[in-house]
Amino acid sequence: MPDMEESAQPTPADPSEPELPNGAGEPEPASPVADAHASTPEAEEEEDEVVAVEEAPARSAPSKGAETNADGWRPYTMGELLGEAAEAAAGRSEYAEGNGAGSATPERSRSDNLQLSSHHDVAMDLINNVTGVDEEGRSRQRILTFAAKRYISAIERNPEDPDAYYNWALVLQESADNVDPDSDSSKDSLLEEACKKYAEATRLCPTLYDAYYNWAIAIADRAKMRGRTKEAEELWQQAIMNYDKAVQLSWNSPQALNNWGLGLQELSAIVPAKDKQTIIKTAISKFRSAIQLQFDFHRAIYNLGTVLYGLAEDTSRSGGADNSPSDLYSQSAIYVAAAHALKPNYSVYRSALRLVRSMLPLPYLKVGYLTAPPADDPIAPHKLWERSQFILNHEELQQVNTSESAPAKSNGLVEKTKRFIKVSVADIVSVSTCSDLTLPPGAGLCINTTNGPVFLVAESWESLDGWLDAIRLVYTIFARGRSDVLAGIITG
């Protein structure tokens, strides 16, 4: 059991840097929107608590940013919007009419007397009342105000342009992050207006992934302001629906899956107890899906650890889960340790690791049972396969015991009786489930190595998920050159 003096319930916290699309390398400088969500007190405090980490919303999804519409125009990223608007506001560039949703003739974009509808007036009044917290914020807001006028002008010319509504929503969402606490403009009202624009954009273009994704983020931000209330519950449900839609439109988005899992995690803290377990299990599946799309997605890895930790806490108080609290704590610790190994400088991960490290089967990352064939006969008849103990550390997965009973411990180490199957992490090519009918009954696991495949069988599909994740994470940490960090965690 953890030290209960520490706060252990997962609570949302923003990251300190944005995440890149799947397959990208180290993070580049954050976009203005991502910066607005960075470095919150929860993410910087050195408190020993397990907190969830939300994906920094790069409010123009990579998949959409590379596409163009029928007119040959693509949605801008927030950085591009601000940069272009700044140039236009300074008179350094002019845009010919017809260049897309962001275009406006100089006369229209510089006019202070745009003939706006009452609906547009509400949003513009809110934006005009925003004052930044400092000179940089005020300068930023002047650019956002200019950009808003351009998109209103674009909508007046073409009320059926979904991209203009989408970009206007981005400006409103960015302005909400720029609100001075003493300003007359309400952050919630700006987000509400942004949601209206996203709704209109998706009505006009139902396949606009970016709009659903950013709309969900805006709704989630509104829900956070309302604590654990009925209104917050309804907003979280709306956000979850939009993340669902975003994933339907772009299934390979680990960021959307991660945020979907976080929304479910937040919702689970509000709904009646009878509904909580189902929602938590769904959140676990979303985080796991995000990791399967991007093995080094440290935020989803860490968040999966936090939701398992919360489940362990609930189970220790009330019981009723399929796994024991100690198993859940151990699983949680694996993901927290892996996230820390991938991002050792994150203070949130470091603090959480201090809380859960003792729950690992030190000096190993994972210890459990798998059914295995004789080491020298991988295609042996089923009757020769035996349930045996395996251990996983930063270097290898190895079979250490053929006894059904749990091994004895000496000085915290698992006593090794005889080694049989051994897989070096450096030799792993891929890890996957296996439904080969030649395997014994159970959940099949195939580890492809440079020396050929290794087949094992887990006792259940849930157990298999844990082994798959653990082996993939260890390999990913090795591939990223961070095995020494993981070694330090498990060997002390």
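**Figure 1. Strand S10 and its two neighbours in a predicted model.** Asn448 stands opposite Pro453 in strand S11, where strands, like helices, are DSSP runs numbered from the N terminus (E, at least two residues, for strands; H or I, at least four residues, for helices). Seven bridges join S10 (residues 443-449) to S11 (residues 452-458), and the two run antiparallel, two strands being taken as paired if DSSP finds at least two bridges between them. The structure shown is a predicted model, in which local features need pLDDT of at least 70 and side-chain atom pairs count only at pLDDT 80 or more, whereas totals for chains, interfaces and linings use all residues. Residues are numbered from 1 along each chain as its sequence is written, and side-chain values use heavy atoms, with hydrogens and water left out.

**Figure 2. Ile447 and the nonpolar cores.** The largest nonpolar core has 117 residues, of which Leu397, Ile447, Leu456 and Ile471 touch the most other members; such a core is a set of buried Ala, Val, Leu, Ile, Met, Phe, Trp, Tyr and Cys residues joined through side-chain atoms within 4.5 Å. When residues up to four places away in sequence are not counted, Ile447 touches Leu397, Val423, Ile428, Ser430, Val431, Gly452, Pro453, Val454, Leu456 and Ile471, contact meaning heavy atoms within 4.5 Å. A second, separate core of six residues includes Ala380, Trp385, Cys434 and Leu439.

**Figure 3. The buried face of helix H18.** In H18 (residues 483-491), the buried residues are Ser483, Leu486, Ala487, Ile489 and Ile490. Seen down the helix axis, these buried residues fall within an arc of 160 degrees and therefore line one face of H18, the arc being that of the directions from the helix axis to the C-beta atoms. The buried residues pack against helix H15 (325-342), helix H16 (347-356) and helix H17 (461-479). After H18 comes Gly492, with a positive phi near 80 degrees.

Figure 4. Eight aromatic pairs are found in a search of the whole structure; rings of Phe, Tyr and Trp (its six-membered ring) pair if their centres lie within 6.5 Å, and planes under 30 degrees apart count as stacked, over 60 as edge-to-face and the rest as tilted. One of them is the stacked pair of Tyr212 and Trp215, at 6.3 Å centre to centre with 25 degrees between the planes. Both residues lie in helix H10 (residues 209-224), three residues apart, or about one turn of the helix. Tyr212 is buried, with a relative accessible area of 10%, and Trp215 is buried at 17%. Tyr475 and Phe478 form a tilted pair, at 6.1 Å centre to centre and 45 degrees between the planes, and these two residues lie three residues apart in helix H17, about one turn of the helix. Tyr475 is partly exposed, with a relative accessible area of 29%, and Phe478 likewise counts as partly exposed, at 35%. Tyr209, Tyr213 and Tyr243 form one aromatic cluster.

Figure 5. Asp188, found in helix H9 (residues 187-204), is buried with a relative accessible area of 15%. A polar contact of 2.9 Å joins its side chain to that of Arg222; a polar contact is a pair of N or O atoms within 3.5 Å, of which, within protein, one must be able to donate a hydrogen and the other to accept it, and residues adjacent in sequence count only if both atoms are side-chain atoms. Not counting residues up to four places away in sequence, Asp188 touches Arg222, Met225 and Arg226. Ser289 belongs to helix H13 (residues 273-293) and is partly exposed, at 27% relative accessibility. The side chain of Ser289 reaches the backbone oxygen of Ser285 at 2.9 Å.

Figure 6. The peptide bond from Leu362 to Pro363 is cis, with omega near 10 degrees. Pro363 is placed in the loop between H16 and strand S3 (366-372).

Key:
Buried < 20%, exposed > 50% of the residue type's maximum accessible area, 1.4 Å probe, protein only.
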